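User: I would like to learn how to read a structural model, feature by feature. Could you take me through one, giving the general idea before the particular case?

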Amino acid sequence: MTTAVTPRNRAKAERTDAILVAAAELFGARGYSCVSLEDIGAAVGVSGPAVYRHFAGKQALLGALLIGVSEDLAAGGTAVVRDATDERTRMAMLVDFHVDFALRNAAVIRVQDRDLSHLSEESQSDVRRLQRAYIGLWIDALGSLVAGERDQLRLRVQACFGLLNSTPHSTSAALREHADTARVLASMALAALTAGAD
């Protein structure tokens, strides 16, 4: 039996999503410690206390943000692997998927890099578990193209992530939106993944 989605439930879900987007932008711009629930509420047109209707507090909001994006990456990467028709296509599709993520989620990447330590131990564990699953998809895909021990493949994958995830720190919003940026990043990422391979 499915539960009907009421206008009230839909409105609450939309407000929750808006709060997450605002939190990502504010945390990304100022840092977790310099943003209050009142700041986040004001950004979406509600009072700070009203945010508690959606999240237990600021730490819970940060957890929902970073766990949610980690779940999205793991699920999206799994779908890419499932839909790819051959090994080279699989690797290229994973790169394209992550390039798109990095270009569209600059604020979230900044939050992840700077504010992960503010999560509860449980939330940190959830994020790391999901990250390991996502990295595992890449290692498996790369292992079908490049010979090497798993630790060597992990080094290549993490170096590639370092390249792609540095984009929010090193480029302007205008450059991230430029038509050639995704193509250049994807080409560089694929070259980095296979550099020095026989």
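**Cysteines and exposure**

Analyst: Let us start with a single side chain, bearing in mind that this is a predicted model. Cys34 has a relative accessible area of 55%, so it is exposed, because exposed means over 50%.

User: Is Cys160 buried or exposed?

Analyst: Cys160 counts as buried, since its relative accessibility is 0%, and buried means under 20%.

User: How many disulfides does the model contain?

Analyst: The general idea is to look for a pair of cysteine sulfur atoms within 2.5 Å. By this rule the count here is zero disulfides.

**The overall fold**

User: How many helices and strands make up the secondary structure?

Analyst: The protein has ten helices and zero strands, and its pattern along the sequence reads α-α-α-α-α-α-α-α-α-α. The C-alpha trace spans about 60 × 45 × 35 Å along its principal axes, and of the 198 residues in the protein, 42% are buried.

User: At what angle do helix α3 and helix α6 pack?

Analyst: Helix α3, residues 58-83, and helix α6, residues 121-143, pack at an angle of about 20 degrees, and their axes lie 9 Å apart. Angles under 35 degrees count as roughly parallel, so α3 is described as roughly parallel to α6. The crossing of α3 and α6 is left-handed.

User: Which residues of α3 and α6 make the contact?

Analyst: On the α3 side they include Gly63, Leu66, Ile67, Ser70 and Glu71, and on the α6 side they include Ser123, Asp126, Val127, Leu130 and Tyr134. Sorted by class, the contact of α3 with α6 has nine nonpolar, six polar and two charged residues.

**A residue in helix α1**

User: Where is Val21 placed, and is Val21 buried or exposed?

Analyst: Val21 belongs to helix α1, which covers residues 7-30. With a relative accessibility of 54%, Val21 counts as exposed, as did Cys34 at 55%.

How values were computed. Residues are numbered from 1 along each chain as its sequence is written. This is a predicted model: local features need pLDDT of at least 70, side-chain atom pairs count only at pLDDT 80 or more; totals for chains, interfaces and linings use all residues. Side-chain values use heavy atoms; hydrogens and water are left out. Axes are lines fitted to C-alpha atoms, for helices over the stretch in contact, and angles run from 0 to 180 degrees between N-to-C directions. Helices (H or I, at least four residues) and strands (E, at least two) are DSSP runs, numbered from the N terminus. Angles under 35 degrees count as roughly parallel, over 145 as roughly antiparallel, 65 to 115 as roughly perpendicular and the rest as oblique. A crossing is left-handed if the near helix is turned anticlockwise from the far one by less than a right angle, and right-handed if clockwise. Contact means heavy atoms within 4.5 Å. Ala, Val, Leu, Ile, Met, Phe, Trp, Tyr, Cys and Pro count as nonpolar, Asp, Glu, Lys and Arg as charged, and the others, Gly among them, as polar. Buried means under 20% relative accessible area, exposed over 50%, partly exposed in between (1.4 Å probe, protein chains only).
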